[in-house]
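Open the model in your viewer and keep the selection tool at hand. The stops below say what to select next and what is there.

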Amino acid sequence: MKGNEALAQAAIDAGCRCFFGYPITPQTELAAYMAKQMPKVGGVYLQAESEIAAINMVQGAAAAGVRAMTSSSSPGISLKTEGISYMCGSDLPALIVNVQRGGPGLGGIQPSQADYWQATKAPGHGDLHILVFTPSSVQEMVDLVGKAFDLADKYRMPAMILADGLLGQMMEPVEIGGKEVPVPAAKPWAACGHRNQREHNIVNSLYLTASELEDLVKKRFERYREIEAKEPLCEAYLVDDADIVVAAYGAAARIAKAAVRTARERGIRAGLLRPVTVWPFPKKDFQAAARHASRFLCVEMNMGQMVDDVRLAVECSKPVGFFGTTGGVIPTPAQVLEQIENLSGGAR
Amino acid sequence: MAVVFEKPHALTDAPTHYCPGCTHGIIHRLIAECLDELGLEGSAVGVAPVGCAVMAYNYFSCDMIQSPHGRAPAIATGVKRALPSAAVFTYQGDGDLAAIGTAETVHAAARGENICVFFVNNAIYGMTGGQMAPTTLPGQVTQTSPYGRDVKTAGYPIRVCELLSTLDGTAFAQRVAVDCVRNVLAAKKAVKKAFQTQLDGRGFSIVEFISSCPTNWGFTPSEALVWLREHMLPYYPLGVYKDTSAQAQGEAQP
């Protein structure tokens, strides 16, 4: 299946029944798939007048207690940041998919990872985080959608699948469906009509008393600390004895993995750490690797947006280098291999 | 002892923060009375705007959502699509609805979104201290039109009911005022009709309330109502702009 379509089906399988979107390349197949399939499961597909309206429709459906999602690509995600911030401030769960393309501005339509900073550091104004998943195959996109919805519900916050044009457009065999559609946990906080059986619920992000807002944000950050302790995901490939540890996620990780494999064949002790969540960042995996690795190399389809997170994770105990391509240019395994070989100084 | 007057159940006991002479209180009450009379409080979900009425979520007893500025019709769309049996309404001011939220308003109407929009037009941004609004009258002095709104540079006010009534998705549009008893009674009928439009599944309904803002207009409450009658009502004529109900279709359109 095509990545975008597989992701859409996985969302339906995860019990998502409201999709609000707006056309933008390279994610449009996702919306088109939803337009076709949602009516068949009694769900809602609606093409909004803008990405801003789409994220606010998601917010309304989420506030009403329903599993809701939207998808877009980089310029559209910028428009959604307002709604993402309000959802964080209102403790609302939802799924946002970013099939990244080159930026800034209108940028290009080729695959990119240039929204890492936006997703992990500032997906909206204010003190906030969202869960950010970085699948590197169509199958993993499928597998992470349900998890993203579950964790969003559990921690009452938005989750993002940070994909890229390569994964969205790629066709791979997938195992999908065959499971019962989960029934999401009850949401006693939802604004869905109180049926004269409880006090009225208010879904709100406004707190005019500074100390009240501070208390609320601090409580939210306690939740964030819990997530950072419990939820980081990372694949470690040939890392146990690695001297050079490549750090890469998403599509770039596939390319890096091929390079690491070849480096091993050539006698270089290379390994790959592949964050599957970039918030929470899998710090412990990097700290463990830093005990034996002599250096790290970030490989990304941007100008090095994850480098600082790796440096912080290893507390600058080891040098962290970078190799990347941007603007929609995709690195080749040979280029990454060359970097690894240079770092190894030819030592075998 | 017979009760002859009481607070609608759909209003909470919270004291409102509105300025003396502001008409928000009357409009809140009319909506709440209609929720009571139609038995809708338990199924209603209201959407509060950004602006003076931002804290409306504290005043209505039904479930409430506070929206980003101008996005209330999109939030309401999400709620209504997710829960078609809910009675969904937005409560918005002129800056919220006719400036930053124009796209959300027009497209919710164009889609025939089955929601009610209660639009409070007082020709000024109240909450931020009296700036020019999309409905500020030509020549009207505000903090950001200190020499009077000059249509050559600031353009013209938007007549929202007239604009939305051209859209096929709009089922009911009426402009009302709450400056006197007769108009208050008419306004309540309009609110009820808007909810009835939604209950009948006929699509988008809007009631525009021509309102006063004594604080930012710089008048006493009673002077403000005189100014409203002399200046606002000629520019924004009261009346039914659209009504697709069978009853109205049998009558002559205005």
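Select Ile202(A), which stands opposite Met64(B) in strand E2(B). This is a predicted model. Now extend the selection to E7(A) and to E2(B), residues 63-66 of chain B: these strands pair in the parallel sense over two bridges.

**The two chains together**

Next, select the residues where the chains touch. Here 34 residues of chain A are in contact with 28 residues of chain B. On the side of chain A that touches chain B, strand E1 (18-21), strand E2 (44-47), H3, helix H4 (74-89) and strand E7 (202-203) each supply at least two residues. Which of these elements gives the most to that side? It is H3(A), with nine residues. Colour that side of chain A by class, and it divides into 19 nonpolar, twelve polar and three charged residues.

**A helix from each chain**

Select helix H3 of chain A, residues 51-63, along with H2(B). Two packed helices are described by the angle between their axes and the distance between the axes. For H3(A) and H2(B) the angle is about 50°, and the axes are 6 Å apart. An angle between 35 and 65 degrees counts as oblique, so H3(A) and H2(B) are oblique to each other. Their crossing is right-handed.

To see the contact itself, show side chains. From H3(A), the residues that meet H2(B) include Asn56(A), Met57(A), Gln59(A) and Gly60(A). Among their partners in H2(B) are Ile75(B), Thr77(B), Val79(B) and Arg81(B). By class, this contact has ten nonpolar, five polar and one charged residues.

Stay on H2(B), residues 72-82 of chain B. How many of its eleven residues are buried? Eleven of them are, and the helix is mostly covered. The buried residues include Pro73(B), Gly78(B), Lys80(B) and Arg81(B).

**A helix pair within chain A**

Finally, select H9 (residues 250-265) and H12 (residues 333-344), both in chain A. Their axes come within 8 Å and cross at roughly 50°. H9(A) and H12(A) are therefore oblique to each other, and their crossing is right-handed.

Which residues of H9(A) meet H12(A)? They are Ile255(A), Ala256(A), Ala258(A), Ala259(A), Thr262(A) and Ala263(A). Across from them in H12(A) are Pro333(A), Val336(A), Leu337(A), Ile340(A) and Glu341(A). The residues of this contact divide into nine nonpolar, one polar and one charged.

Technical notes
Residues numbered from 1 in each chain as written. Chains lettered and ligands numbered in written order. Predicted model: local features only at pLDDT ≥ 70, side-chain atom pairs only at ≥ 80, totals over all residues. Axes fitted to C-alpha atoms, helices over the stretch in contact; angles between N-to-C directions. Helix = DSSP H or I, 4+ residues; strand = E, 2+ residues; numbered from the N terminus. Parallel < 35°, antiparallel > 145°, perpendicular 65-115°, else oblique. Left-handed = near helix turned anticlockwise from the far one by under 90°. Contact = placed C-beta atoms within 7 Å. Nonpolar A, V, L, I, M, F, W, Y, C, P; charged D, E, K, R; others polar. Buried ≥ 20, exposed ≤ 12 C-beta atoms within 10 Å, placed from the backbone. Pairing = 2+ DSSP bridges.
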